[in-house]
Amino acid sequence: MADAAFNQELQLTSRSKFIIIILLSIIYFTTSAAYSIIAPFFPQVAQQKGVHKVSIGLIFAIYPLTKGLTSLIIGVIDYSSGLRLHSYCHLPYVSMIYLLWAGLFLEASGTLIFGFLPHIIDKTLFIIFCFVVRGIQGVGAAAYQTSAYACIASVFSSSVASTI
């Protein structure tokens, strides 16, 4: 009986589904643009600070590494049924909307702070803050992307692969 009630809650109009997919697409596009816009500029700024090319590569690599490791933790939070967002997106311990907004906030804050890092004069401090800020961005990306995928899986349960 609980399964039947749960399946009824997931019935959305095609307009609602269209709005969800458009909003998630806008989120993915803007965050990907913000992530990739630093690639042409950061290496020159870091080299002016005296940062070695290997360190620059590691600064770039910490984002996906942190994102991958944090996604595993968030995936545990994001598994099964639990608290519900508008009856169609669910997480067991944290609401999906909270995870989505917290992730976007962390990613945006990290991107904003990353823009101010060239003002740090000390090379070692610059490298440390670059790693920390890129790690924060990775945690934020893991949070919003995991919750977005869970929402897509809930809303488009019959066509998850083609929707993603």
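Contact here means heavy atoms within 4.5 Å. By that rule, Tyr 144 touches Ile 27, Thr 31, Leu 99, Leu 100, Gly 103, Leu 104 and Glu 107, leaving aside residues up to four places away in sequence. This is a predicted model, in which local features need pLDDT of at least 70, side-chain atom pairs count only at pLDDT 80 or more, and totals for chains, interfaces and linings use all residues. Residues are numbered from 1 along each chain as its sequence is written, and side-chain values use heavy atoms, with hydrogens and water left out.

Now to helix H2, residues 14-36. Helices are DSSP runs (H or I, at least four residues), numbered from the N terminus. H2 has 23 residues and spans 32 Å from first C-alpha to last. That is close to the expected 33 Å, which is 1.5 Å times one less than the number of residues.

Next comes the largest nonpolar core. Such a core is a set of buried Ala, Val, Leu, Ile, Met, Phe, Trp, Tyr and Cys residues joined through side-chain atoms within 4.5 Å. It has 17 residues, and Ile 20, Leu 24, Ile 27, Tyr 144 and Val 155 touch the most other members. H2, helix H5 (96-116) and helix H6 (123-155) each supply at least two residues. H6 gives the largest share, 7 residues. A second, separate core has 13 residues, including Val 51, Ile 56, Ile 127 and Cys 130.

Notes:
Buried means under 20% relative accessible area, exposed over 50%, partly exposed in between (1.4 Å probe, protein chains only).
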